[in-house]
Amino acid sequence: MQPTLLFSQLFFDPHKIINKYEMETHKQLTIGLFGFGVVGEGLYRVLQQTPSLKATIRKVCIKNPGKTRNAPASLFTTDRDDILTDESINVVVEVIDDANAAFEIVSIALRNGKAVVSASKKMIAEHLPEILALQQETNLPFLCEAAACASIPVIRNLEEYYDNDLLHSIKAIVNGSTNFILTKMFEDKLDFQEALLLAQQLGFAESNPKLDIEGYDAVNKWTILLNHAYGIVEHPNNLLFNGIQNIQLSDAVVAKEKNLDIKLIAQAQKLKNGKVAAFVLPQFVKLNEPLSFVKNEYNGVVIESGFADKQFFYGKGAGSFPTASAVLSDIGALRYDYRYEYKKLYHQQPNELTHDYYLKVYVSFDDWKYIPREKFEWIEEWHAEAERKYLIGVLHVKHLKENNWWRENGSSLILANEPIIDNLDIVNLKKRSLELAGIA
Ligand SMILES: NC(=O)c1ccc[n+]([C@@H]2O[C@H](COP(=O)([O-])OP(=O)(O)OC[C@H]3O[C@@H](n4cnc5c(N)ncnc54)[C@H](OP(=O)(O)O)[C@@H]3O)[C@@H](O)[C@H]2O)c1
């Protein structure tokens, strides 16, 4: 009789698997680093304290050779080819502040056979389709955890843990500078300009703070996260977004009266028709909600999924070591050849972004002449007596996308708590009842 071979003997050679595992986990990573600013220098220091990673920096490419650096001069170059054409370098870490140059560097690095780790959210958000194509073309990893919420590991969780069908919504504070300013307006009663100045003095806001304050940084991060959460590939300009530049101290007073907080919230939610609503706008948040606990320069993410209900991630969303820690984790993941599978984009039916739903909004303003009242589906509250007036009403998102009155002439738009209305029956019913009451 023939000896019976066990299934495991046929297909499973533990010796081989251990060898392969050893080979991969001990892969020597030789890094070419682009950028030696807040993040780049942070990474250099953090790597010195993690010798177990077996990762060494071979060269650092910077822009200005004249700057004093806290590292050996022999490490630095201004010639990007010293890294991009060096065959001994198998990993490029790109942490520069020039999005156009960053895209060129990342493209060449991948085409030259190097794995890439990047923190450049603007570059990634603006070139998402090309970056996805490059990964497919080269079959090389491109990891960018630091580009979303710096130290909070949200991209890998969205990639690996949350299945498309189960992910109901994500709501997040993704910009530390604006959160710092809002915290100071609320807690220390500073007005916007004073709070901004303080943020700049403490290094939480850039010298040109427009990118943070007007919502550009947050919408770039949201573009990246929408891709990993829902398989959506959109240019940031296609999302509805605004920053906190128009928020007034009087808005904070109204929020306090209603036991609410104001936060710059990035939100994505699956609607009843299966499409995804996504935007970045100031929003009233209840004081007992997790995001209300996110103060100062911190970030927070609340994920709501099918059976787990709500989960809350919290951590530093900027800064040298917190950001470098995410870059370091990506470098570590390269040892076992980790790459994003983009399951929601390639292996499932990707979700579609929609602007066909309604938002409940609060708008404060100086003069009624700036407010197109007829564009509201209904207005359910208004206060017109004080110098600074406000109303609460419902607008279609396409109207907000296509018009700018709500960002102009000092008007300040803040979303209501639970702002999304995607049930047309409710909208029609509400309009009809207001008509019957002679209000609308
Ligand atoms: N800072 C944070 O907390 C944080 C958090 C998450 C993501 N990020 C992202 O990480 C990236 C870097 O941010 P950072 O705060 O570290 O910026 P940074 O402090 O301003 O440093 C930028 C670095 O890039 C170098 N650089 C600029 N253009 C270059 C080019 N064409 N070639 C080579 N080097 C070039 C600069 O060189 P020189 O030193 O010679 O001027 C500098 O070392 C940005 O995309 C940012 O959005 C930052």
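This note comments on the fold, the nonpolar core, the ligand shell and several individual residues of the structure.

1. Basis of the model. The model is predicted; local features require pLDDT of at least 70 and side-chain atom pairs count only at pLDDT 80 or more, while totals for chains, interfaces and linings use all residues. Residues are numbered from 1 along each chain as its sequence is written.

2. Overall fold. The protein chain contains 18 helices and 16 strands, where helices (H or I, at least four residues) and strands (E, at least two) are DSSP runs numbered from the N terminus. Its radius of gyration is 25 Å, close to the 22 Å that the globule rule gives for 440 residues, so the protein chain is as compact as a globular protein of that length. The radius is taken over C-alpha atoms, and the rule is 2.2 Å times the number of residues to the power 0.38. The C-alpha trace spans about 85 × 75 × 35 Å along its principal axes.

3. Burial and contacts. Of the 440 residues in the protein chain, 40% are buried. A residue is buried if 20 or more other C-beta atoms lie within 10 Å of its own, exposed if 12 or fewer, and partly exposed in between, with C-beta atoms placed from the backbone. Among contacts between residues at least 6 apart in sequence, 73% join residues at least 24 apart; a contact requires C-beta atoms, placed from the backbone, to lie within 7 Å.

4. Nonpolar core. The largest nonpolar core holds 121 residues, of which Val93, Trp222, Val280 and Val327 touch the most other members. Such a core is a set of buried Ala, Val, Leu, Ile, Met, Phe, Trp, Tyr and Cys residues joined through C-beta atoms within 7 Å. Helix H13 (residues 216–230) gives this core its largest share, 9 residues. At least three residues come from each of domain 1 (7–149) and domain 2 (358–436), whose bounds derive from an automatic or database domain assignment. Leaving aside residues up to four places away in sequence, valine 93 touches Ile31, Leu33, Phe34, Leu43, Val117, Val327 and Ile331.

5. Ligand shell. The ligand is surrounded by 26 residues, the closest being Gly35, Gly37, Val38, Ile96 and Ala318; a residue qualifies as near if its C-beta atom, placed from the backbone, lies within 6 Å. The shell divides into 14 nonpolar, 7 polar and 5 charged residues. Here Ala, Val, Leu, Ile, Met, Phe, Trp, Tyr, Cys and Pro count as nonpolar, Asp, Glu, Lys and Arg as charged, and the others, Gly among them, as polar. Helix H3 (38–48) and helix H8 (146–149) each supply at least two residues, and H3 gives the most, with 3 residues.

6. Positive phi values. Lysine 189, not a glycine, has a positive phi of about 55°. It lies in the loop between helix H10 (176–187) and helix H11 (192–201) and is partly exposed, with 13 other C-beta atoms within 10 Å. Asparagine 296 likewise has a positive phi, near 50°. This asparagine 296 sits in the loop between strand E10 (276–286) and strand E11 (298–305).

7. Lysine 389. This residue belongs to strand E15 (residues 389–396) and counts as partly exposed, with 18 C-beta neighbours inside 10 Å. Lysine 389 and serine 364 are 25 residues apart in sequence, yet 5.5 Å apart in space, C-alpha to C-alpha.

Terms used:
Contact = placed C-beta atoms within 7 Å.
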